[in-house]
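Trainee: I have a new model to read. Please take me through it step by step.

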Amino acid sequence: MTPQIDELLEYTSELRESLEDMCYQFGGWNEKIGGLTTNGLSALEGAFSALRWDDPHPMPSMCCDEPGCKKQKCCGTPTLGGYRNTCGEHRPKEQADDK
Ligand SMILES: [Zn+2]
């Protein structure tokens, strides 16, 4: 490829990554589908559109590990079977009792 095309692809990738970061940071969470939403913010609507994302945008990697739960994961717990990421509702009881 020509240097101009390489440069354009690198720039496009950088833009995409920045838009995704903005959506992760400022997007809301939709518990019905388990994904990010714009919550009607026009700046995020523009970003979702540029990323070709539906609103809401499914994010299975950000969902609670509890089967069937679509809440956003927020707690990490090491277990014998590996690291488990859950929502506040499904975090282990002893961790929930910590202050
Ligand atoms: Zn959960």
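**Reading the model**

Mentor: Start with Ala 47, which is found in helix α2. Helices (H or I, at least four residues) and strands (E, at least two) are DSSP runs, numbered from the N terminus. This is a predicted model: local features need pLDDT of at least 70, side-chain atom pairs count only at pLDDT 80 or more, and totals for chains, interfaces and linings use all residues. Residue numbers start from 1 along each chain, following the sequence as written.

Trainee: Is Ala 47 buried or exposed?

Mentor: Count C-beta atoms, placed from the backbone: 20 or more others within 10 Å means buried, 12 or fewer exposed, and anything in between partly exposed. Ala 47 has 20 others within 10 Å, so Ala 47 is buried.

Trainee: Which residues is Ala 47 in contact with, leaving aside neighbours within four places in sequence?

Mentor: Contact means that two C-beta atoms, placed from the backbone, lie within 7 Å. Ala 47 touches Leu 19, Met 22 and Cys 23 on that count. Cys 23 is 24 residues away along the chain, yet its C-alpha atom and that of Ala 47 are separated by 7.3 Å.

Trainee: Which residues of α2 are buried?

Mentor: An α-helix has 3.6 residues a turn, so residues three or four places apart point the same way. In α2, the buried residues are Leu 44, Ala 47 and Phe 48. They line one face of the helix, because seen down the axis of α2 they fall within an arc of 100°. That arc is taken from the directions from the helix axis to the C-beta atoms. Ser 42, Ser 49 and Ala 50 are exposed on the other side of α2. The cover over the buried residues of α2 includes α1 (3-26) and β3.

Trainee: Which residues make up the largest nonpolar core?

Mentor: In soluble globular proteins, nonpolar side chains tend to be buried together. A nonpolar core here is a set of buried Ala, Val, Leu, Ile, Met, Phe, Trp, Tyr and Cys residues joined through C-beta atoms within 7 Å. The largest has 9 residues: Cys 23, Leu 36, Leu 44, Ala 47, Phe 48, Trp 53, Met 59, Cys 63 and Cys 64. Helix α2 (residues 42-50) gives the largest share of this core, 3 residues.

Trainee: What is the strand order in the sheet?

Mentor: Strands of a sheet pair through backbone hydrogen bonds, either parallel or antiparallel. Two strands count as paired if DSSP finds at least two bridges between them. This open sheet has 3 strands in the order β1-β2-β3, with antiparallel pairing. β1 (28-30) and β3 (57-58) stand at the edges with a single partner strand each, so one side of each has no neighbour in the sheet. Strand β2 (residues 35-37) is joined to β3 by 2 bridges. Leu 36 has His 57 as its bridge partner in β3.

Trainee: Where should I look in the loops?

Mentor: Most residues other than glycine have a negative phi, and most peptide bonds are trans. Asn 39 is not a glycine but has a positive phi of about 55°. Asn 39 sits in the loop between β2 and α2. With 14 C-beta neighbours inside 10 Å, Asn 39 is partly exposed. Just after α2, Arg 52 has a positive phi of about 65°. Arg 52 is exposed, with 8 other C-beta atoms within 10 Å. The peptide bond from Asp 55 to Pro 56 is cis, with omega near 10°. Pro 56 lies in the loop between α2 and β3.
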